[in-house]
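Please keep the sequence and the structure in view while reading.

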Amino acid sequence: MTHPPTPLLPVRVPLPGRALRLWLKLEALGPFGSIKARTAEALLDALEEAGRLRPGDRVVESTSGNLGIALAGLCAARGYRCTLVVEPSTPRASVTLMTEYGADVVTVPELPSGRTLDARLEAVRDILRQDDTAVWTDQYESSANPRVHTTRTAVELARDAPSRGFDAVAVAVSTGGTLAGVADYFRAHRPSTRIIAVDAVGSAALGGTPVHRPDKLAGFGSGRASRFVERRHWDRLVRIRDLDAVAACARIRERTGLSLGGSAGASVLATVMDAARRPGTADAACVCPDGGDKYPQLTGVVTRNPEGVTAEVAAALDALGHARCDEYAHPRTPPVTEGVAKP
């Protein structure tokens with residue numbers, strides 16, 4: 001599979017005395033509906049090139065949803081069996097897609113204090129011990145994960161940027177592979193671009209102790225620290241509550257007709273908050289890993305502020321409530337014709 005470039009959708013967000021042009025990189029319009037198709041392809045390619053994965057082997061991975069869908073589809077195409085370990089909060093629509101592609105799905109029980117990921121990883125190790133044909137793609141530590149975002153995702157972003165480039169690029173974290181990969185490219189080739197790391201409140205991905213997240217969004221944050229991200233990879237870290245990310249998705253959907261996944265909503269919200277503090281920010285990009293259609297938390301949400309919202313978040317949500325699709329699009333960016341409607 002050759003992963004085609006995904007489009008950038010410019011959205012204009014009004015801020016006091018100016019407007020921010022927010023460029024949304026829509027990975028939902030790529031293969032298997034998410035950015036994890038890039039990661040899955042890279043993980044499998046790396047194992048094949050190293051001679052560690054052969055026809056008839058069983059690919060095993062722990063997943064919150066998107067990577068599992070992509071791995072299941074690619075394994076079916078390449079002739080591998082596939083076993084995916086999920087948790088109860090994994091969207092049912094995602095699990096259905098995994099099984100439709102022929103994967104075996106193992107669900108571990110939910111554990112308190114954000115430790116369910118540990119249970120998923122232990123289940124993976126059990127499978128590896130019991131089946132000598134099982135091969136772990138290991139999205140958490142394989143260097144192929146960040147590398148594909150350095151060589152492909154970030155290259156597309158920089159190529160399709162407006163002529164003056166991006167003032168900032170925001171990336172939400174789960175394993176941290178996308179953030180590390182994108183940051184490495186921009187540090188080397190566009191060092192004036194600020195990198196905004198976006199993590200969930202209660203996540204341990206970028207430090208801290210994981211806690212129970214009753215409104216947890218799949219694919220946003222993690223119960224363990226990222227093995228890829230280092231402090232040099234970001235200029236600002238913004239932690240977003242799950243409920244506030246949901247509210248941001250609702251604002252974008254209402255104003256543009258575009259359905260974003262929760263981690264994308266978090267990145268959009270964090271970028272608007274950051275730009276409000278920095279008057280020089282005119283163009284900023286957000287990597288949007290997937291769409292919101294398969295997430296129950298993101299359907300039927302009314303556009304009101306969640307309980308306990310801070311003044312800074314409320315101001316950013318209000319700005320998003322006045323956003324509109326921008327008429328300008330870069331000539332090398334394919335037009336977005338599905339799932340987007342001007343208000």
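Is Asp138 buried or exposed? With a relative accessible area of 16%, Asp138 is buried, where buried means under 20% relative accessible area, exposed over 50% and partly exposed in between (1.4 Å probe, protein chains only). The model is predicted: local features need pLDDT of at least 70, side-chain atom pairs count only at pLDDT 80 or more, and totals for chains, interfaces and linings use all residues. Residues are numbered from 1 along each chain as its sequence is written, and side-chain values use heavy atoms, with hydrogens and water left out.

**Sheet**

- An open sheet of mixed pairing is formed by seven strands, in the order E9-E8-E7-E10-E2-E1-E11; helices (H or I, at least four residues) and strands (E, at least two) are DSSP runs, numbered from the N terminus.
- Strand E9 (236-240) and strand E11 (324-325) are the edge strands, each pairing on one side only; two strands pair if DSSP finds at least two bridges between them.
- E2 and strand E10 (residues 283-288) run parallel and are joined by six bridges, and Leu22 stands opposite Ala284 in E10.
- H5 packs on this sheet, where it touches strand E1 (8-15), E2, E7 and E10, and its direction makes about 145° with that of E2.

**Nonpolar cores**

- The largest nonpolar core has 47 residues, and Leu24, Ile240 and Leu260 have the most contacts inside it; such a core is a set of buried Ala, Val, Leu, Ile, Met, Phe, Trp, Tyr and Cys residues joined through side-chain atoms within 4.5 Å.
- Helix H8 (residues 262-277) gives the most to this core, contributing eight residues.
- Another core, of 26 residues, lies apart from it and includes Val173, Ala180, Ala183 and Ala285.
- Leaving aside neighbours within four places in sequence, Ile240 is in contact (heavy atoms within 4.5 Å) with residues including Val198, Phe220, Ala266 and Met273.

**Helix packing**

- The axes of H7 and H8 come within 7 Å and cross at roughly 85°; axes are lines fitted to C-alpha atoms, for helices over the stretch in contact, and angles run from 0 to 180 degrees between N-to-C directions.
- H7 and H8 are therefore roughly perpendicular to each other, a class that covers 65 to 115 degrees, with under 35 roughly parallel, over 145 roughly antiparallel and the rest oblique.
- Among the residues making this contact are Ala245 and Ile252 of H7 and Gly265 and Leu269 of H8.
- The buried residues of helix H9 (residues 311-320) include Val313, Leu317 and Leu320, and the buried residues of H9 pack against E1, helix H7 (242-256) and H8.

**Aromatic pairs**

- The count comes to three aromatic pairs; rings of Phe, Tyr and Trp (its six-membered ring) pair if their centres lie within 6.5 Å, and planes under 30 degrees apart count as stacked, over 60 as edge-to-face and the rest as tilted.
- The rings of Trp23 and Phe166 have centres 6.3 Å apart and planes at 65°, so this pair is edge-to-face.
- Trp23 in strand E2 (residues 18-26) and Phe166 in the loop between helix H5 (144-159) and strand E7 (168-172) are 143 residues apart, and both are buried.
- Phe32 and Tyr101 also form an edge-to-face pair, 5.6 Å centre to centre with 75° between the planes.
- Phe32 counts as partly exposed at 26% relative accessibility, and Tyr101 counts as partly exposed at 36%.

**Backbone**

- Most residues other than glycine have a negative phi.
- Phe32, in the loop between E2 and H1, has a positive phi near 60°.
- Asp138, in the loop between strand E6 (134-136) and H5, has a positive phi near 55°.
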